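Please consult the sequence and the structure shown here alongside the points below.

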Amino acid sequence: MLETLIDTYGDGAVLAMAGALVGVIFGVAAQHSRFCLRAATIEVAERHLGPRLSIWLIAFSAGVLSVQGAIAIGVLDVSQSRQLAATGSMSGAVIGGLMFGAGMILARGCASRLLVLSATGNLRALITGLVLTIVAQSALRGVLSPAREGLAQLWTVPGGEARDLLAHLGLTHATAATLAALALMAGVMLALMRHVRVSHVLAGMGVGLAIGLGWLATYAVSQTSFEVIAISSVTFTGPSTDTLMGLVNSTSLPLGFGVGLVPGVFVGAASMALVTREWKIERFGPDTPMERYLLGAVLMGFGSMLAGGCAVGAGMSGGAIFALTAWIAVTAMWLGAMATHLLMLRPTRRAAPG
């Protein structure tokens, strides 16, 4: 069936359709579950293991379980993915991750969360996401690219086993899947203890499963097509910049997985918001200053390109295949976000009576 689709519509169209399907699943699940790395980091920074942390843990472990389980049974091979096969930047993962984490707190959401919120009528998220995308494009190919390349070259790691965290730890894919299953059970238990709705728990699992579906879909097309197809999964900064620049600079948009993913997430999140009557217009106000959001967008745009992806692209998709730089990047995102949140709390605490 896949061969027929490729012969009829071409590789790009099939990848775009796959991206749209995965995007809809991700958008619906992320909107309903309130999946948000920023909220999870805030709970940990405030020493509270709450519902947002449980949802993030469920989504992350479900993504790792689906990917590592598929590899263990022989239906997926990610060894040629960019996150593992190409030269990686350790300095970029650390510096970019810290920048992204700080920006995530300032903008009140990571790249994926901003896209989901935009679909629910949040104009703050829409404007912030557009600025993030423009800065990311500038860091990739524009005026900021020399600075990004200079920071990325400070400390690099070759592709192959040197970039494979499982190889460093001496773990098999089956062991990684087992550990992910245990983490998933822990996340579900935490969610139930915090009275998280069962539908939100299932939606959190859906976010993780979308990561696995992305890897499986692009891998299946790469194995069927006569062309060289780069396998990948859910990520937002790169596809968002490609989509925006394609719409601005050309009359036709080259089709691919990312081109279908971004509108798919938007449609999925908007549909869920409309069904649950959560769609509403939200604007900037006295408690949501635009300058803070814009600064966060700049930090996330540059940081994501330096770190090799956003909180989902590097943190979940890269983390699910145990790319060394991805795990370092998501750790730096956590640290940057928690430190920024605690720093922002200090003036409030000083001003409080007593």
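The notes that follow are grouped by topic.

The structure is a predicted model. A search of the whole structure returns zero disulfides. Arg 148 is buried, and helix H16 is mostly covered.

**Cysteines**

- The cysteine sulfur closest to that of Cys 36 belongs to Cys 110, at 6.0 Å.
- A disulfide requires sulfur atoms within 2.5 Å, so the 6.0 Å separation is too far for a bond.
- Cys 36 is buried, with a relative accessible area of 3%.
- Cys 110 is likewise buried, at 2% relative accessibility.

**Arg 148**

- Arg 148 is part of helix H9, which spans residues 145-152.
- The relative accessible area of Arg 148 is 14%; this residue counts as buried because the cut-off is under 20%.
- With residues up to four places away in sequence left out, Arg 148 touches Ala 139 and Leu 140, together with Phe 302, Met 305 and Leu 306.

**Helix H16**

- Helix H16 covers residues 313-320, and eight of its eight residues are buried.
- The buried residues of H16 include the glycines Gly 313, Gly 315, Gly 318 and Gly 319.
- Ala 314, Met 316, Ser 317 and Ala 320 are also buried in H16.
- After H16 comes Phe 322, which has a positive phi near 60°.

Note on methods. Residues numbered from 1 in each chain as written. Predicted model: local features only at pLDDT ≥ 70, side-chain atom pairs only at ≥ 80, totals over all residues. Heavy atoms only, no water. Buried < 20%, exposed > 50% of the residue type's maximum accessible area, 1.4 Å probe, protein only. Helix = DSSP H or I, 4+ residues; strand = E, 2+ residues; numbered from the N terminus. Contact = heavy atoms within 4.5 Å.
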